[in-house]
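Student: Could you take me through one part of this model closely?

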Amino acid sequence: MSKRLLIVEDDPGLQSQMRWCFSDDLEVTVADSRDSALAALRRLEPDVVTLDLGLPPDPGGASEGFALLEDILRLAPQTKVIVVTGREDKENAVKAIGMGASDFYQKPLDADILTFVVNRALRLAELERENQELSQGSNGTSIKGIVAASPQMLTICRTIEKVAPTDVTTLISGETGTGTELLARALHDLSHRADKPFAAINCAAIPETLLESELFGYEKGAFTGATQSKKGKIESANGGTLFLDEIGDMPMPLQAKLLRFLQERVIDRVGSINPIPVDVRVVCATHRDVRALIDAGDFREDLYYRVSEITLEVPSLRDRDGDALLVAQSLLKTLGKQMDRPALSFTEDAVAAISSYGWPGNVREMINKVKRATIMAEGKRVTAADLELQLDTSVNPLATQLNLRQVRETAERQAIMQALQSSNFNMAQAARLLGVTRPTLYNLTDKYKIESSAEANSTRH
């Protein structure tokens, strides 16, 4: 698909100059008024618009240009707008950026600067379009609600896909807010039980005196207030999946009864002597160290082996390489749509802050911060301040991760040093090891200021 540029300029001479600045692979259209620009916008859906603020009937001001800018942002929020101002008109440029324009340049026309600014906007539009296409796909996984690209989380997702078709009892272990219930639902949705009930109960949220009746149900008259029989969570999940969240907090007396159910696959309602067979797949989750609970006498070891036929250790968000930013962008898109702010994006300082923050509350904390930022952000850009995150100005973690030149130079330096040491600083032999010519190796040692003799190197150290 060809890239499209719309030039909004009422001066015929500048129209011609600007048109000839660009190569043939860019489809360029010119408009000289607000009405003609809006018609071209609807017809062509350009990637980038250059907008002269001084349009008729207010060529000496900027009112018509700002009105058109608002129209473009409303009708085509993905289009990048570059405003054109006079050299002494910086206030209008700042105002336009605040309204949502992506960039600006000042007259008089400089072909090189204009081309650079437009190409940068085209590239940004292309990246956003690719990101949108990716986000509309699988988000890196086939599991609903899970956004991930890190090897740690993709390994978990692949394991889920393998385990789901079976009926093995699964224990999901991870910090609060890491998405353990989403993974439990994925085990259900990807199994042959997907069209059957999914029943979840939080063992830490229900008082010990009520938990047994909630799990196993009760008969009429079993206790005061039991005016009728009631199915428990286990029985209501018959044919489907039972999710026991925070099983590490289950009281010891109930652990024995749960163990019997897992072994026999029958339950006894409170107040009943008639066992009821139940066919369910059991998935458990906990944020606690079950091994430590066993050592402390707070969790039955035999029950642990029953619920952990397969164990999934879900990494925290801070341990998922690169996922924090990916998840934040997905949340911003989703929450932006919900709150009628679909064109929001993160500023550079927000990206750096998201990448460097430890996220102790994991995804749950991120949801809260991104939701607040979606509400509080001025204009179309979400800042670190909107997220209530402090940016460490002493280091840019994103630049450290993504600076390809630095990574390449570090690897080259290490390889040269290893080759020199392996060859006892024989340049011809080191060049052969590296697969380069001797002049190239000399150039590289000069570039990285590496001493090319063993004596010099030992003197330096």
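How many helices and strands does the chain have, and which residues make the contact of helix 13 with helix 14?

Tutor: Happy to! This is a predicted model, in which local features need pLDDT of at least 70 and side-chain atom pairs count only at pLDDT 80 or more, while totals for chains, interfaces and linings use all residues. Residues are numbered from 1 along each chain as its sequence is written, and side-chain values use heavy atoms, with hydrogens and water left out.

The chain has 20 helices and 14 strands, taken as DSSP runs numbered from the N terminus (helices H or I, at least four residues; strands E, at least two). Its C-alpha atoms fill a box of roughly 95 × 75 × 35 Å along the principal axes. Buried residues (under 20% relative accessible area, 1.4 Å probe, protein chains only) make up 43% of the 461 residues.

Now to your pair. From helix 13, Ala-324, Leu-325 and Ala-328 make the contact (heavy atoms within 4.5 Å) with Val-351, Ile-354 and Ser-355 of helix 14. By class, this contact has five nonpolar residues, one polar and no charged, where Ala, Val, Leu, Ile, Met, Phe, Trp, Tyr, Cys and Pro count as nonpolar, Asp, Glu, Lys and Arg as charged, and the others as polar.

Note on methods. Buried < 20%, exposed > 50% of the residue type's maximum accessible area, 1.4 Å probe, protein only.
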